[in-house]
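Take a look at the model below. Then follow a short walk through its sheet and helices.

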Amino acid sequence: MIRTILGIAFIAFVSYPIIGALKWSIGVICYNFLFKYKQQAWLNIDEKIEPFITIMVPAHNEEVVIERTINYLASKIVYTNYEILVMDDGSTDRTPEILATLQEKIARLRVLRIEKNKGKAHAFNVGLAFTKGRLILSNDADTLPEPYALKKYVSYFLSPESNNIAAITANMDVNNRSKLIGKSQTVEFSSIVGIIKRTQAGVFGGIYAYSGANTMYRKAALIDVGLFRQDRATEDISIAWDHQEKSWLSIFAPEIVFYMQVPETIPDLYRQRKRWAKGGTEVWFTNFTKILRHPFKRIGLTVMFIDQTFSILWSFFFWLSSLFFLALFIVQIFGQDWQSLYYTLTLSLIFISFEMIAGLIQLITALIVDDSSRKIKYLMFAPLYMLFYWIINAVTIVTTFIPAFKTIVGRGSGTWVSPKR
């Protein structure tokens, strides 16, 4: 009996990447034909009735990018009724000086100085007390939304079915594609945004995470869930689950595009993915008992929770099975058991081939669906994504599992460290 259960579990974990890639690909069909919250046409909103929007920009040591971002937000956005509120979260570089100079030139810019760095979520929560808008656009200091982004966001919030919408999250794209690592992330983001979020929205009725770099929130929805969790590694994942747990609607809008700076070195990429993995596992721990007690209350969240559970368990399985395979490989070589070695290598290559084919199907589908197929040229970087990014994501989930648990028991901190630019 135990051997049977272990055998089934083994097959399930080995097959998980294959099944996952195929289900995301099929999910796009469901999104295209079943999801009812897609925006079919953008509203022509007169300037006199534009809802007032506060663009909130959290900043910590952003001297390299902050001036370009603020100038862009002040001059390139096609919208009239908005303000820019920068929360300078304890910056120790030239960020305060740059912001002071910009304030003299930009009337709609306000700056809130927080003396001690306590993290992005804390900066947001403090800044919300000073916002004038009922709609809040979170915008990272290195992020540039498309010029018509605000008008598109508002079209969602002014639609007849918008009363229960907590947030609209946009479609991320890579701004810095000069290096190989940036080009490969273009493939990855298309895979995540083009496939997974569409499937989550179209099949599960919600999304796993907002795009923290650019999302528009209904201020009342933020207040309803007690604002952002300040001790979490990723405020965007936590707030998405908090909203949906309280029956708010979270929408993914692939037609709204923003451009962000991505890590261009392996250490910076690892730090980013480590933070994402830790934040995801924190959400898993937070919602564990809620899902178990009421699995059918919000079936979409339950399905996403089950998928995340498999993702976490698969990461541990991946490394344990890799170590087992390496040990078996060494034993068979030194024991000169060539027939067993042949079967071991053959079986492994078969499974790897199936996983690569399924992953390639997912990526091709994503690149076709996202941005009207204009990203298909980046398919050449798919092997790097499938061989390297899958592994680094598995590494970060395993290495942050214990730190994530420590956060849940009260030993977490949302204090941030800006990447080197």
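We start with the sheet and end with a pair of packed helices.

This is a predicted model: local features need pLDDT of at least 70, side-chain atom pairs count only at pLDDT 80 or more, and totals for chains, interfaces and linings use all residues. Residues are numbered from 1 along each chain as its sequence is written, and side-chain values use heavy atoms, without hydrogens and water.

Strands of a sheet pair through backbone hydrogen bonds, either parallel or antiparallel. Here 8 strands form an open sheet with mixed pairing, in the order S3-S2-S1-S4-S7-S6-S8-S5. Strands are DSSP runs of E, at least two residues; helices are runs of H or I, at least four; both are numbered from the N terminus. Two strands pair if DSSP finds at least two bridges between them. S3 (109–114) and S5 (143–145) stand at the edges with a single partner strand each, so one side of each has no neighbour in the sheet. S2 (residues 82–89) pairs with S3 in the parallel sense over 6 bridges. Asp89 has Ile114 in S3 as its bridge partner.

Now turn to the helices. Two packed helices are described by the angle between their axes and the distance between the axes. H10 (residues 299–334) and H11 (residues 338–369) pack at about 150 degrees, with axes 8 Å apart. Axes are lines fitted to C-alpha atoms, for helices over the stretch in contact (heavy atoms within 4.5 Å). Angles run from 0 to 180 degrees between N-to-C directions. H10 and H11 are therefore roughly antiparallel (over 145 degrees).

Definitions and conventions. Angles under 35 degrees count as roughly parallel, over 145 as roughly antiparallel, 65 to 115 as roughly perpendicular and the rest as oblique.
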